[in-house]
Amino acid sequence: MSLATTFIQRANFIDACYIVAFSLFIYGMSGLTGPRTAVRGNKIAATGMAIAIVATLLTPHVLSGSSTPWLIALGLVIGTAIGVPAARNVRMTAMPQMVALFNGVGGGAVAIIAWIEYRHHFQSGLSFWVQKSEIPTLFAAIVGSISFWGSNIAFGKLQEILPGRPIKLPGQTFINGALFVVCVGSAIVLAAGTHSQALFIVGILLAAAVLGNMVVLPIGGADMPVVISLLNAFTGLSAAATGIALNNTAMIVAGMIVGASGSILTNLMAKAMNRSVPAIVAGGFGGAIAALVAEGARITVRFARPPLRTWRSSFPTRGR
């Protein structure tokens with residue numbers, strides 16, 4: 001029994017499980033090309049995720065803490081109790097906002113992991129630079145926080161909790177640029193080795209949170225599918241960065257698959273809607289364009305039909 005336990009906890013066996021897991025991810029995605037094979041593809045990918053979870057739990061340091069198994073079990077129970085009924089009861093017409101909500105949860109989880117990793121290294125006196133996990137962790141904190149808060153705004157607009165019209169502040173582009181500079185500047189300060197102030201990691205998370213809201217609020221509700229696809233790509237990239245920081249092969253591969261597929265889908269949807277991806281990020285997407293389209297439609301309706309008197313005078317009448 002001890003020999004079997006030692007074997008399944010070896011790094012080579014865990015890596016082999018990860019290879020099987022992300023191979024099932026890729027094979028399952030190939031089944032999503034049509035409605036007949038989509039259900040089977042989802043089941044195959046879910047099997048791969050189950051294998052990845054078991055492989056992670058077999059890692060020796062994961063279950064070493066006295067409270068870790070109970071916390072993992074509690075998280076699984078809470079997540080299953082919330083996720084399964086929500087997914088089963090949602091209507092197909094409400095699926096986009098469900099995808100936005102679940103995508104936001106993934107980005108939020110990545111941001112929390114980045115915060116925990118920073119506190120762990122800071123309190124233990126270790127240097128991120130020595131651990132070589134600093135830059136991926138900071139990248140995950142920024143992108144994950146943007147994805148979480150932006151996805152919440154997208155969900156609110158699609159669910160009609162928030163107004164579907166574009167909400168834009170004066171100088172929106174400069175505000176977004178300033179928030180981005182705060183995120184990158186704080187990350188550079190931490191990467192340079194300044195770990196005496198925990199305010200920099202807090203500044204990253206808060207500035208990225210406000211930036212996520214500011215990027216999505218100026219976008220109209222009709223354009224939310226493109227935004228959700230873009231935020232989905234952000235979540236995948238942040239998850240891949242977290243996998244690099246945690247040395248988790250399954251997270252790296254799965255995150256890159258989500259990031260690449262989300263980026264391709266965003267580009268295709270933007271081209272189909274005659275938009276540009278930089279315009280989406282800049283926050284000028286859907287506001288002025290939608291107003292011009294609406295104005296053009298109103299002018300077309302006004303001049304498409306001649307006046308009623310002219311229309312009647314074009315026909316002869318009796319007694320004339």
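Modeller: One definition to begin: buried means under 20% relative accessible area, exposed means over 50%, and partly exposed lies in between, with a 1.4 Å probe and protein chains only.

Colleague: Fine. Is N103 buried or exposed?

Modeller: N103 has 7% relative accessibility, so N103 counts as buried. N103 sits in helix α5, residues 95–124.

Colleague: What does N103 touch?

Modeller: Leaving out residues up to four places away in sequence, N103 touches S147, S151, I228, L231, N232 and T235. Contact means heavy atoms within 4.5 Å.

Colleague: What should I know about the model itself?

Modeller: This is a predicted model, where local features need pLDDT of at least 70 and side-chain atom pairs count only at pLDDT 80 or more, while totals for chains, interfaces and linings use all residues. Residues are numbered from 1 along each chain as its sequence is written, and side-chain values use heavy atoms, with hydrogens and water left out.

Colleague: How many helices and strands does the protein have?

Modeller: The protein has 14 helices and zero strands. Both are DSSP runs numbered from the N terminus: helices are H or I with at least four residues, strands are E with at least two.

Colleague: And what share of the residues is buried?

Modeller: Buried residues make up 34% of the 320 in the protein. As for contacts between residues at least 6 apart in sequence, 72% join residues at least 24 apart.

Colleague: On to packing. At what angle do α2 and α3 pack?

Modeller: About 160°, with the axes 8 Å apart. Helix α2 covers residues 11–30 and helix α3 covers residues 35–58. Axes are lines fitted to C-alpha atoms, for helices over the stretch in contact, and angles run from 0 to 180 degrees between N-to-C directions.

Colleague: Roughly parallel or antiparallel?

Modeller: α2 and α3 are therefore roughly antiparallel. The cut-offs: under 35 degrees is roughly parallel, over 145 roughly antiparallel, 65 to 115 roughly perpendicular, and the rest oblique.

Colleague: What kinds of residue make up the contact of α2 with α3?

Modeller: That contact divides into 16 nonpolar, five polar and no charged residues. Here Ala, Val, Leu, Ile, Met, Phe, Trp, Tyr, Cys and Pro count as nonpolar, Asp, Glu, Lys and Arg as charged, and the others, Gly among them, as polar.

Colleague: How do α7 and α8 cross?

Modeller: The axes of α7 (residues 134–158) and α8 (residues 172–191) come within 10 Å and cross at roughly 155°. That makes α7 roughly antiparallel to α8. E134, L138 and I142 of α7 meet C183, A187, L190 and A191 of α8. By class, that contact has six nonpolar, no polar and one charged residues.

Colleague: You mentioned C183. Is C183 buried or exposed?

Modeller: C183 is buried, at 0% relative accessible area. Beyond its neighbours within four places in sequence, C183 contacts I142, I204, A207 and A208.

Colleague: New topic. How many aromatic pairs?

Modeller: The count is one aromatic pair. The rings of F148 and W149 have centres 5.1 Å apart and planes at 80°, so the pair is edge-to-face. Rings of Phe, Tyr and Trp (its six-membered ring) pair if their centres lie within 6.5 Å; planes under 30 degrees apart are stacked, over 60 edge-to-face, the rest tilted.

Colleague: What are the accessibilities of F148 and W149?

Modeller: F148 is partly exposed at 25%, and W149 is partly exposed at 35%.
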